[in-house]
Every structure is written in C-alpha cells, then in structure tokens.
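Dear colleague,

I am handing over the structure below, and my notes on some of its helices follow it. Please read them alongside the coordinates.

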Amino acid sequence: EAIKPALARVSPEVPPSAFLGQVHKSGLLVERENGVYAFAHLTLQEYLTAVRLRELGRHDQLTGSVDDSWWRETILLWASGADATPIIEACLKSGSVRALALAFDCADEARELHPDIRQKLEGVLTVDTGDAARNRLITAVKTARSLRDVIWLGEDTALSTRPVTKKIYALFTEHERANGRLSQPEQERAETG
C-alpha cells in the first residue's frame with residue numbers, strides 16, 4: 001500500500017507485489033519478516049531521507065539531531081546539496097564535541113554556507129581563552145575530526161585509517177597519565193616517541 005501511489009505514477013501496469021519482488025531479488029531491499037521490508041544498506045536509506053527532507057524544505061528534524069550519531073550521515077548528505085547554515089548554527093548552539101565535529105564536516109561538504117557562520121565556525125578552533133575546559137573541548141573536536149575515518153573491529157574497538165599524529169598521541173598520554181592509567185614503562189616510551 002505504501003508504494004502503490006508512487007508506482008502508479010511511474011509504471012501503472014506494474015503491480016506493487018511484482019515491483020517488491022524485483023527489488024528484493026536485486027538486493028536493494030530485504031524482507032525482515034513477512035511483508036516488512038528494509039533497505040539492505042543503510043547508506044541508501046540515509047541518502048533518500050536527506051533528499052526527501054531537502055525536497056520538502058525541512059531541516060528541523062536534522063537541526064534537532066546534531067548530537068545523535070544515528071543522523072550524522074543523513075545530515076552530511078543533506079548539507080552536500082543545501083545551505084548548511086541552519087545545521088551548523090544548531091551544532092554551534094549545542095557546543096558538544098559530536099556536534100562541533102559534525103559542523104566542520106558539514107562545512108566541508110556544504111553546497112553553500114553563510115560567510116558569517118563559516119567565520120564563526122572557524123573561530124571555534126582558533127580561540128584560546130585560557131579556560132582549561134574550553135581548551136579540552138577544542139582538543140576533543142580536533143581529535144574527533146582527525147580520527148573520524150575508522151574501521152570498526154568490534155562494538156568498542158576501532159582502527160584509525162590515518163596515522164595518529166604525535167600531537168594527538170601526546171594528548172592521549174597526558175590524559176592517561178593525569179588519570180593514573182599510564183604505567184612507568186609506557187610513560188617512558190611515550191616520552192621518547
């Protein structure tokens with residue numbers, strides 16, 4: 001029933017059951033249970049969602065989801081074909097590491113972005129206020145951006161596809177040392193690099 005109206009507009013002679021059967025055979029959709037279908041690859045679902053929200057001129061679902069990792073790829077796909085200003089404003093308003101890292105990724109992908117918001121975003125990582133918490137946030141955003149391309153090996157284990165820089169490793173060892181989780185031999189190896 002869900003696809004019947006759209007299918008009637010493009011191929012009225014094709015019954016919905018035949019269409020679903022063909023799409024299922026192609027591997028595009030999988031039948032999770034009798035009559036319940038899902039996309040075989042999440043990327044297609046994310047892309048179609050981004051396109052539909054762009055067509056409807058609706059970004060409210062996306063601006064309200066900048067801290068939700070489930071929406072990250074959809075937001076990036078949406079920004080690649082739209083003015084990313086409202087998304088980046090929402091990210092700046094949130095101020096979390098996840099949202100700020102997303103803001104920079106959206107700026108990289110955006111079809112367009114208001115110059116004032118771009119300047120405000122770029123200022124986020126360059127301002128050193130002397131505030132330790134603020135500096136930790138800036139470091140976390142830079143690190144998240146540097147380590148965003150990973151291969152997941154397990155639920156809690158990821159392998160970075162890029163080499164970890166000495167600066168990021170130094171920040172890691174400093175954090176571990178401050179929390180008492182770096183043994184003396186590990187600390188000596190970290191210091192000699």
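Which residues of helix 6 (residues 85-94) are buried? They are T85, I87, I88, A90, C91 and L92, where buried means under 20% relative accessible area with a 1.4 Å probe, protein chains only, and where helices are DSSP runs of H or I, at least four residues, numbered from the N terminus. These buried residues pack against helix 4 (60-63), helix 5, helix 7 and helix 8 (115-124), contact being heavy atoms within 4.5 Å. After helix 6 comes G95, with a positive phi near 75 degrees.

This is a predicted model, in which local features need pLDDT of at least 70 and side-chain atom pairs count only at pLDDT 80 or more, while totals for chains, interfaces and linings use all residues. Residues are numbered from 1 along each chain as its sequence is written, and side-chain values use heavy atoms, with hydrogens and water left out.

In helix 7 (residues 97-109) sits D105, which counts as buried because its relative accessibility is 6%. The side chains of D105 and R72 are joined by a polar contact of 2.3 Å, that is, a pair of N or O atoms within 3.5 Å, of which, within protein, one must be able to donate a hydrogen and the other to accept it, residues adjacent in sequence counting only if both atoms are side-chain atoms. Leaving aside neighbours within four places in sequence, D105 is in contact with R72, L76, R145 and R148.

Best regards

Terms used
Helix = DSSP H or I, 4+ residues; strand = E, 2+ residues; numbered from the N terminus. Buried < 20%, exposed > 50% of the residue type's maximum accessible area, 1.4 Å probe, protein only.
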